[in-house]
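Visitor: I have a model open and would like to walk through it. Can we take the contacts and the sheet in turn?

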Amino acid sequence: MQIAVLSDTHGHVGNTLEAVRLLESFEIGAVLHCGDIGSPAIPTLLSDWPTHYVLGNVDHDDARLREAIQLSGGTLHGRYCELVLETIRIAMLHGDDETLLRETIERGAFDLLCHGHTHRQARQQAGPTLVLNPGALYRARPHSLAVVDLPSLEVAVLEF
């Protein structure tokens with residue numbers, strides 16, 4: 001199974017459409033959006049895949065965003081999410097709460113931890129946990145997202 005990990009769309013439809021075009025050449029089984037969704041327009045663009053969302057510091061848990069995610073078939077998890085996909089234990093949060101990010105990494109309870117917020121692509125191994133920031137689809141050069149192969153945790157970074 002391949003999953004797409006993206007973050008910080010900030011409501012930018014054009015960049016999100018470009019990311020969708022890139023993802024169409026992969027066999028994506030799920031999308032993880034690490035927050036700063038920014039607009040109810042974004043979930044519709046990702047509706048071809050089961051998509052899991054967490055809220056970022058620019059997201060307001062308002063009825064419009066929640067409704068757009070629900071109508072697109074996505075799942076809004078609030079500010080933090082734990083999932084198991086293909087036996088891989090995954091944590092997802094935006095990353096603006098540095099204490100929560102650090103504590104989640106230090107727990108060592110996850111195979112993969114996905115976050116955004118910094119608008120910079122990064123990955124590091126922290127004990128048993130691969131910590132992945134896919135970069136950002138807005139206010140970043142280049143714009144980036146990641147495709148992760150499960151269960152191997154091989155990461156391909158896509159840039160445009």
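Visitor: What do the side chains of Arg21 and Glu18 meet in?
Guide: They meet in a salt bridge, with N to O at 3.3 Å. Keep in mind that this is a predicted model.

Visitor: Where do those two sit relative to each other?
Guide: Both are in helix H1, residues 13-23. Because Arg21 and Glu18 are three residues apart there, about one helical turn separates them.

Visitor: And how accessible are they?
Guide: Arg21 has 48% relative accessibility, so it counts as partly exposed. Glu18 is partly exposed as well, with a relative accessible area of 26%.

Visitor: How many salt bridges does a search of the whole structure find?
Guide: Four. Another of them joins the side chains of Arg79 and Asp96, at 2.7 Å from N to O. That pair links distant parts of the chain, 17 residues apart: Arg79 is in the loop between strand E4 (75-76) and E5, and Asp96 is in the loop between E6 and H4.

Visitor: Why does Arg79 count as partly exposed?
Guide: Because its relative accessibility is 37%. Asp96 is also classed as partly exposed, at 25%.

Visitor: What does Glu82 form with Arg107?
Guide: A salt bridge, with the closest N and O atoms 3.5 Å apart. This pair also links distant parts of the chain, with Glu82 in strand E5 and Arg107 in helix H4, 25 residues apart. Glu82 is partly exposed at 46%, and Arg107 is partly exposed at 48% relative accessibility.

Visitor: Switching to the sheet. In what order do the five strands come?
Guide: The order is E5-E6-E7-E9-E8, in an open sheet with mixed pairing. Strand E5 (80-85) and strand E8 (121-126) are the edge strands, and each pairs on one side only. From one strand to the next the twist averages 20°.

Visitor: Remind me what holds strands together in general.
Guide: Strands of a sheet pair through backbone hydrogen bonds, either parallel or antiparallel.

Visitor: Which way do E5 and E6 run, parallel or antiparallel?
Guide: Antiparallel, joined by six bridges. Val84 has Arg89 in E6 as its bridge partner. The two strands form a hairpin with two residues between them, and Glu86 in the turn has a positive phi of about 50°.

Visitor: What about the next pairs along?
Guide: E6 pairs with E7 in the parallel sense over three bridges, and Met92 has Cys114 in E7 as its bridge partner. Strand E7 (residues 112-114) also pairs with strand E9 (residues 129-134), in the parallel sense and over three bridges. There, Leu112 stands opposite Leu130 in E9.

Visitor: How many of the six residues of E6 are buried?
Guide: Five, so E6 is largely enclosed by the rest of the structure.

Visitor: Which strands does H4 lie across?
Guide: Helix H4 (residues 98-107) lies across E5, strand E6 (88-93), E7, E8 and E9. It runs at about 30° to E5.

Visitor: And which of its residues are buried?
Guide: Leu101, Thr104 and Ile105. They cover an arc of only 100° around the axis, which means that they are on the same side of H4. What covers them includes E5, E6, E7, E8 and E9.

Visitor: Last topic, His33. Is that residue buried or exposed?
Guide: Buried, because its relative accessibility is 0%. His33 is in strand E2, residues 28-33.

Visitor: Which backbone nitrogen does its side chain reach?
Guide: That of Gly35, at 3.1 Å.

Conventions. Residues numbered from 1 in each chain as written. Predicted model: local features only at pLDDT ≥ 70, side-chain atom pairs only at ≥ 80, totals over all residues. Heavy atoms only, no water. Helix = DSSP H or I, 4+ residues; strand = E, 2+ residues; numbered from the N terminus. Buried < 20%, exposed > 50% of the residue type's maximum accessible area, 1.4 Å probe, protein only. Polar contact = N/O pair within 3.5 Å; in protein donor to acceptor, adjacent residues only side chain to side chain. Pairing = 2+ DSSP bridges. Axes fitted to C-alpha atoms, helices over the stretch in contact; angles between N-to-C directions. Contact = heavy atoms within 4.5 Å. Arc of directions from axis to C-beta.
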